[in-house]
Amino acid sequence: MLRFMLIRILQALPVIFVVITATFFLVRSAPGGPFDQEKVVIPEVKKALEAQYKLDLPLHEQYFAYLGDLAQGDLGPSFKYPGRSVNEILFSGLPVTAELGFYALLIALCIGVTAGVFASLRPNTAQDYIPMSFAMIGICMPSFLLGPLLVLVFGIWLDWLPITGWGDIPGDKILPSITLGSAYAAYIARLSRAGMLEILSQDYIRTARAKGLPEWLVVTRHALRGGLIPVIAFLGPAFAGLLAGSFVVETIFQIPGLGRFYVQAAFNRDYTMILGTTVFLSTLIVFFNLVSDIAAAWLNPRLRAQFKGGSQ
Amino acid sequence: MLLTSTGLILRRLLIGALALGLVACGRGESNVVQGNRDGVLHYGNGAEPQGLDPHVVTGVPENHIIRALFEGLAVKNPQTLEPEPGVAQRWEFSDGGRVITFFLNPEARWSNGEQVTASDYVWSWNRALHPGTGNEYSYMLFPLVNAEAYLKGEISDFNEVGVKALDDTTLEVTLNAPTPYFVQLMDHYSTFAVHPETLLQFGEMTDRYTPWTRVGNIVSNGAFTLTEWSLNRRIIVEKSEHYWDRDKVALNSVIFYPTENVVSEERMFRVEQLHYTQVVPLDKIPAYRQMPDTPYVQAPYLGTYYYLINTKRPPVDDARVRKALSMALDRETLVRTVLQETAVPAYSITPPDTLGYFPPKLFDYDPEEARRLLAEGGYPNGEGWPGLEILYNTQEAHRKIAVAIQQMWKKELNIDVTLSNQEWKVYLDSVTQIDFQVARRGWIGDYVDANNFLDLFITEGGNNNTHYSDPIYDDLILYRAPKAETREERYRLFAEAETMLMEEMPIIPIYTYTSKHLIHPSVEGLYSNLMDSLNLKYVRLVPGRRLPGSNK
């Protein structure tokens, strides 16, 4: 197991390095710079700005200087927000985005697993079609539509819930969590249905039924365990995706998370911010993939046996 | 074992979801009701400010917060926009207006209780103009003798720049030429004083990124002080105990929200989470207009939306063709349909009534004349037209306008025009390089004076972007207008320049911007003006007033 983890980590490092290098040179090749404004900046002022941020150095020197800083965990100062470092901005947004992502994932799991399992029990009947149709709608419905719809109904018409903010007014975390979670709920429903269907046709399930176990025990005790493996494998990348992809929801609900910075940095040509967020999120994605691989390996008895054999 | 833990997790998840759901019940008082009682204004500020350092940032959201925290030598009257006392109690002109002496209020205080002195201004203007600071708005102080030379590194002794502290409360300013709008510039944050000792505590004078503006560190001299700054969430300022005019300040506190999403901002207003919105989404405006006692407030704004023309690229290298394009444009219809009456048709670069200046209207919508000019320019009824491309930055509003104009030109002149959009920074690059035929542009004035619009098109103008160049025009703007003895004469010279510009038509003015806000009926003392400039000092909240249609 240890060797498996080690290999995966070693595989991840070059990936992150390539991401850093590609991002660094790509953002520099985009036309326009961080200090280009609608009102033209006096050349002397622009020069002073570039000097303050070391943009006057040759590109390769900037690159190595960046790598050097990065090795020490310093992502540099933000260009767009003078007085703030990229580290500071990331760490102010991360807890909020992570919390939002966590609630969204919880909601997604509750709805998704229930619907998926329910559907798999009577495939190709109404009990299957109805939840699965909803899942399909959930996948198709973008959050920039669902969010405002929920706001309209629960925030404005019924006036039950606050429509923006995060932790300012009690209950303001509910609508964004549901909005972000629902698309993932749909994926999870489909994954758990597929996983369950496969398991329910296995011989050992037939054995379990043959020995007279009640159906609910068959499902919860024997089928769920294997049937949810695809869901577990999906969770890691899904959480990373939630962190990186919460931009729309954060904008609709005015949530002070990471997503808004991530997208705006590109528009602002905030070089250090683009690099910082990209490096940070790609590291997270690699990390969560790793975690979910390991989790899936542990859940799957066959794979687990292999590892045991391997490490002994 | 695994099973039980999965079951347990599932059960916990369900309980969590239920708990989330339960919090839903029972929403308390709205922000507005609470705010009216406690004197707290909930203000939609458009975006997260880049920062709060007056010599570093540029932008409108920054302006609102900085002007709550700091005060300039003079402030603008929110109704007339004429300068009135701020840190300076009064000022005197001498040497034909070339020298201005500001007499500072001895009661003016920093938020740490220290007196605001004339030497604070000298130090701060040195910082604002220092070549190392990289202040993008440094040109605001260019009317000072030697200021430009100092910024460009031609001289290095700040004592040669035209600003002197005669004593603690007397600041003498020497200008290159009489500059009628100079006192007005004292209300622009780039000319504000900062507290020298505070800055030096956190770094060098010219450092851009020190934490001196953070809560607890910042020392300011305005009506409010900074008490909370949560990134992308909110900024809270509270009434200052040391402000010289504190008795006039009615609000206890203002909360600025970074309301980037205009649709969400409008919804926040509707459920009374905000007193004031920065903008109003276009499609919501008709409904708001129909409301009795509407909270929708629209006023002309000191900005012009226009098309730049590259005067060196055929077919628009011919002034007759440029004029034909401009005259074939039905601005009234455009404003009525596409813009839903949220703009004013423009026939000049300077917006009307810029501190009493009305630009002459030199042409009108005239398709007949436009066709004649186009024929004269070599394209009778559009024959032989080589094509033309309109460039705009990627945004739905710009696209809609370009499409409408494309159709108008096709209909009236029978010419084909294509549209091209570019992402913002790419577009800025194209505009700076003058790599386009026709490009969309907007200009928002920094101060209320026609000079701020007309000096765009001098030959050396960094924002000219059209290759337009005329020594007579340059002379008018750079030498003759500043020397004008009276306001009337100066405005007459501006009108002359305006005429020259429209004769050559290097730009096609399209419309004058408006400011659009939703303002809760409980808010008083917020006036509409051309600068969309509000002074929070005068704002009061009246409890008990509700939004029309509000049922709570």
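Leaving aside neighbours within four places in sequence, Ser326(B) is in contact (heavy atoms within 4.5 Å) with Arg331(B), Phe363(B), Met505(B) and Ile508(B). This is a predicted model, in which local features need pLDDT of at least 70 and side-chain atom pairs count only at pLDDT 80 or more, while totals for chains, interfaces and linings use all residues. Residues are numbered from 1 along each chain as its sequence is written, chains are lettered from A and ligands numbered from 1 in the order in which they are written, and side-chain values use heavy atoms, with hydrogens and water left out.

**Ser326(B)**

- Ser326(B) belongs to helix 10 (residues 319-327) of chain B; helices (H or I, at least four residues) and strands (E, at least two) are DSSP runs, numbered from the N terminus.
- Ser326(B) counts as buried because its relative accessibility is 0%; buried means under 20% relative accessible area, exposed over 50% and partly exposed in between, with a 1.4 Å probe and protein chains only.
- The side chains of Ser326(B) and Arg331(B) are joined by a polar contact of 2.9 Å. Such a contact is a pair of N or O atoms within 3.5 Å; within protein, one must be able to donate a hydrogen and the other to accept it, and residues adjacent in sequence count only if both atoms are side-chain atoms.

**Strands 13 and 14 of chain B**

- Of the six residues in strand 13 (residues 388-393) of chain B, five are buried.
- Strand 13 of chain B runs parallel to strand 14 (residues 417-422) of chain B, and six bridges join them; two strands pair if DSSP finds at least two bridges between them.
- Asn393(B) stands opposite Gln422(B), which is in strand 14 of chain B.

**Interface of chains A and B**

- In chain A, 63 residues are in contact with 66 residues of chain B.
- The two chains bury about 5,800 Å² between them, 58% of it on carbon and sulfur atoms; buried area is the accessible area (1.4 Å probe) that two parts lose on being put together, summed over both.
- There are three salt bridges between chain A and chain B, each a side-chain nitrogen of Lys or Arg within 4 Å of a carboxyl oxygen of Asp or Glu.
- Arg269(A) and Glu423(B) form a salt bridge through their side chains (2.7 Å, N to O).

**Gln202(A)**

- Gln202(A) sits in the loop between helix 7 (174-200) and helix 8 (203-210) of chain A.
- Gln202(A) is partly exposed because its relative accessible area is 32%.
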